[in-house]
Amino acid sequence: MSKILVVSGHPRLAQSLANRTILETLKEKGPDFTLLRLDEEGWEPQVEKDQALLKDADVIVFQFPIFWYSYPALMKHWVEDVFAHGFAYGTAGTALKGKKFQISFTTGSPASAYRAGGPNGHVMEDFLFNFQQIAALCGMEYEEPIYTNGCAYIPGVSPEFVKDRVIKDCEAHGAKLAERLKELLK
Ligand SMILES: Cc1cc2nc3c(=O)[nH]c(=O)nc-3n(C[C@H](O)[C@H](O)[C@H](O)COP(=O)(O)O)c2cc1C
């Protein structure tokens, strides 16, 4: 049976609303998956254990909030250590070849802010080229990203209706991801 590894890059998942909602919805509606929580693993990744998890998976999902137009530093640090030469890339580095690579993320800014001439200066896809290239270098199949904009909720500051909307949007996101993963397993 095909296997899914979901790597959660949120540095504080317990305090998350959007990414936690997506992961909870995926657990409820999606196919079985192994969850690797980088906030629990911390800044010293267990490289061999995590490489074995990656090797074992047919589908690799990166679940994260956008921080400074990219993935959180904790997740990038993990990639730097775990996607090593001779494992993920290089002549002998073929462990990830042929695997499906799905990115799934949330942003604080609304969709309208991601456009040329807008507050974020570029469309969302412009910020994703590095994931596409990671997939290309490692020989993985880059799947169409799934993302939800406008997920900024600050307890005690944001009005409650924002919380309700973020939960609703992220439940829809989780359901979409669940369907995508079922498709990818076929
Ligand atoms: C350090 C930091 C940097 C952020 N940078 C961005 C950014 O570049 N673009 C954006 O749209 N949102 C940005 N945000 C907002 C987060 O993406 C948003 O709060 C997150 O997606 C909500 O997910 P959560 O509830 O799981 O934490 C940033 C938030 C933090 C804390």
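The model is a predicted one, in which local features need pLDDT of at least 70 and side-chain atom pairs count only at pLDDT 80 or more, while totals for chains, interfaces and linings use all residues. Residues are numbered from 1 along each chain as its sequence is written, and side-chain values use heavy atoms, with hydrogens and water left out.

Salt bridges make a friendly starting point. A salt bridge here is a side-chain nitrogen of Lys or Arg within 4 Å of a carboxyl oxygen of Asp or Glu, and the structure holds ten of them. One of these joins the side chains of K3 and D56, with 3.1 Å from N to O. This pair links distant parts of the chain, since K3 sits in the segment before β1 (4–8) and D56 belongs to helix α3 (residues 47–56), 53 residues apart. Helices (H or I, at least four residues) and strands (E, at least two) are DSSP runs, numbered from the N terminus.

How open to the surroundings are these side chains? Residues are called buried under 20% relative accessible area, exposed over 50%, and partly exposed in between, using a 1.4 Å probe and the protein chains only. With 38% relative accessibility, K3 is partly exposed, and D56, at 44%, is partly exposed as well. Another salt bridge connects R37 to E40, whose closest N and O atoms are 3.4 Å apart. R37 is partly exposed because its relative accessibility is 23%, whereas E40 reaches 59% and counts as exposed. Together with D39, R37 and E40 are linked in a network of salt bridges. A further bridge brings K49 and D50 together, with 2.9 Å between the closest N and O atoms. In this pair, K49 has a relative accessible area of 36% and is partly exposed, while D50 is buried because its relative accessibility is 0%.

In the side chain of T106, an N or O atom is 2.6 Å from a ligand oxygen, and for the side chain of Y114 the distance is 2.7 Å. At S109, a polar backbone atom is 3.0 Å from an oxygen atom of the ligand. The protein covers 73% of the 640 Å² of accessible area that the ligand has on its own; such areas come from the Shrake-Rupley method with a 1.4 Å probe, and for residues only the protein chains shown count as cover.

Q102 lies in strand β4 and is buried, because its relative accessibility is 0%. Its side chain makes a polar contact with the side chain of R180 at 2.9 Å. A polar contact is a pair of N or O atoms within 3.5 Å; within protein, one must be able to donate a hydrogen and the other to accept it, and residues adjacent in sequence count only if both atoms are side-chain atoms. A polar atom of the Q102 side chain also lies 2.9 Å from the backbone oxygen of E144. Leaving aside neighbours within four places in sequence, Q102 is in contact (heavy atoms within 4.5 Å) with residues including I60, F62, P145 and L184.

V166, in helix α6 (residues 160–185), is buried at 1% relative accessibility. Not counting residues up to four places away in sequence, V166 touches L17, A18, G150, C151 and Y153.

Two residues stand out for their backbone angles. Most residues other than glycine have a negative phi. W68, however, has a positive phi near 50°, and Y69 has a positive phi near 65°. W68 is placed in the loop between β3 (59–65) and α4, and Y69 is found in the loop between β3 and α4. With a relative accessible area of 80%, W68 is exposed, whereas Y69 is partly exposed at 34%.
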